[in-house]
Amino acid sequence: MKFHRRQLVLASLVVALGAAIYLNWQFSDDHGLISTDIFRPEREIGEARYVNNSNVPNFDDNESEVHHVSNMSSETKEYFAKAKLDRQKSRDEAIDLIKSSLSDSKIDEESKNKALEQVNYISQSILQEANIESLIKAKGFEECLCVIQNGECNIVISPGTLDESSIITIRDIVSSQTNIPFSKIKIVEAK
C-alpha cells in the first residue's frame with residue numbers, strides 16, 4: 001500500500017514540475033501580452049479624434065500599423081534568450097539525474113525523500129521565477145531574468161531601466177513572492 005502512495009506522490013510532483021516548466025515557458029515569452037489593437041506607439045494617449053476625421057488610420061488593411069520600439073540591442077536580446085535556455089537545460093539535467101536516482105532500486109528511503117524534496121524545491125523555484133519575471137515585466141521592464149538559488153535571488157533586467165525606485169519595486173516583488181530578504185536580492189542591468 002505504501003509503495004503505491006510513494007508512486008502517487010512522485011507522479012504528482014512530476015506533474016507539478018511539468019506544469020511549472022510550462023508556466024515558465026508561457027510567461028517567459030511576450031506572446032499575447034500586448035494587444036495589437038490598442039497598442040499604437042505613433043498615437044498620443046488621450047488624443048482626441050473626430051468621428052469623421054479623415055486622418056484616422058484604416059486598420060482593415062493588411063499592413064501593420066504597430067511598430068514595437070525596443071531599446072535593447074540584438075546582443076542583449078540574445079543574452080536573455082541564451083540565459084533562459086541555459087537555465088532550463090541545467091534544470092532539466094538536474095531533474096533527469098534525480099529521476100534516475102529515484103528509479104534505482106538500491107536507494108534507501110532517506111535518499112528518496114531527499115530527492116523528492118529536491119524535485120519539490122526545483123518546481124517551486126521555477127514557479128516563483130516565472131511569477132517574478134511576469135510581475136517585473138508588468139511594471140514596464142522590457143526584459144527580465146530571475147534566478148533563485150540557495151536562498152538568494154539574482155535579477156537581470158533590460159538596460160537603461162535601473163534607478164532607485166525600480167530597485168525598490170523589484171525587491172518588493174521578489175520579497176513578496178519568495179520571502180527572501182532584501183539583502184539577498186541582487187539586481188543588475190544587462191549590457
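These exercises work through a predicted model of one protein chain.

Residues are numbered from 1 along each chain as its sequence is written.

**Exercise 1. Confidence**

Task: State the mean pLDDT of the protein chain, then find where pLDDT stays under 50.

Solution: 
- Start with the term. pLDDT is the predictor's confidence in each residue, from 0 to 100.
- The chain mean is 76. A value of 70 or more is reached by 73% of the residues.
- Residues 30-41 stay under 50. The model gives this stretch nine contacts beyond four places in sequence; contact means heavy atoms within 4.5 Å.
- Residues 43-69 also stay under 50. Here the model has 17 contacts beyond four places in sequence.
- Where pLDDT is low, the predicted coordinates should not be read in detail.

**Exercise 2. The chain as a whole**

Solution: 
- Helices (H or I, at least four residues) and strands (E, at least two) are DSSP runs, numbered from the N terminus.
- The chain has four helices and three strands.
- Buried means under 20% relative accessible area, exposed over 50%, and partly exposed in between (1.4 Å probe, protein chains only).
- Residues 24 or more positions apart account for 65% of them.

**Exercise 3. Helix H2**

Task: Check the span of helix H2, then locate the aromatic pair.

Solution: 
- The expected span of a helix is 1.5 Å times one less than its number of residues.
- H2 covers residues 74-103, which is 30 residues, so it should span 44 Å. Its end C-alpha atoms lie 43 Å apart, which agrees.
- The buried residues of H2 include Thr76, Phe80, Ala83, Arg87 and Leu102.
- A search of the whole structure finds one aromatic pair. Tyr79 and Phe80 form it, edge-to-face, at 5.4 Å centre to centre and 70° between the planes.
- The cut-offs: rings of Phe, Tyr and Trp (its six-membered ring) pair if their centres lie within 6.5 Å; planes under 30 degrees apart count as stacked, over 60 as edge-to-face and the rest as tilted.
- Tyr79 is partly exposed at 37% relative accessible area. Phe80 is buried at 1%.
- Lys77 is also in H2, and is partly exposed at 41%. Lys77 and Ala190 are 113 residues apart in sequence, yet their C-alpha atoms are 9.6 Å apart.

**Exercise 4. Helix H3**

Task: Repeat the span check for helix H3 and list what Gln128 touches.

Solution: 
- H3 runs over residues 109-138. Its 30 residues should span 44 Å, and the end C-alpha atoms are 43 Å apart, which agrees.
- Gln128 lies in H3 and is buried at 15% relative accessibility.
- Leaving out residues up to four places away in sequence, Gln128 touches Ile148, Gln177 and Thr178.
- Just after H3, Gly140 takes a positive phi of about 110°.

**Exercise 5. Cysteines**

Task: How many disulfides does a search of the whole structure find?

Solution: 
- A disulfide is a pair of cysteine sulfur atoms within 2.5 Å.
- The search finds zero.
- Cys144 is in no disulfide; its nearest cysteine sulfur, that of Cys146, is 6.4 Å away. Cys144 is buried at 0%.
- The sulfur of Cys153 is 3.6 Å from that of Cys146, too far for a bond. Cys153 is buried at 0%.

Technical notes
Predicted model: local features only at pLDDT ≥ 70, side-chain atom pairs only at ≥ 80, totals over all residues. Heavy atoms only, no water.
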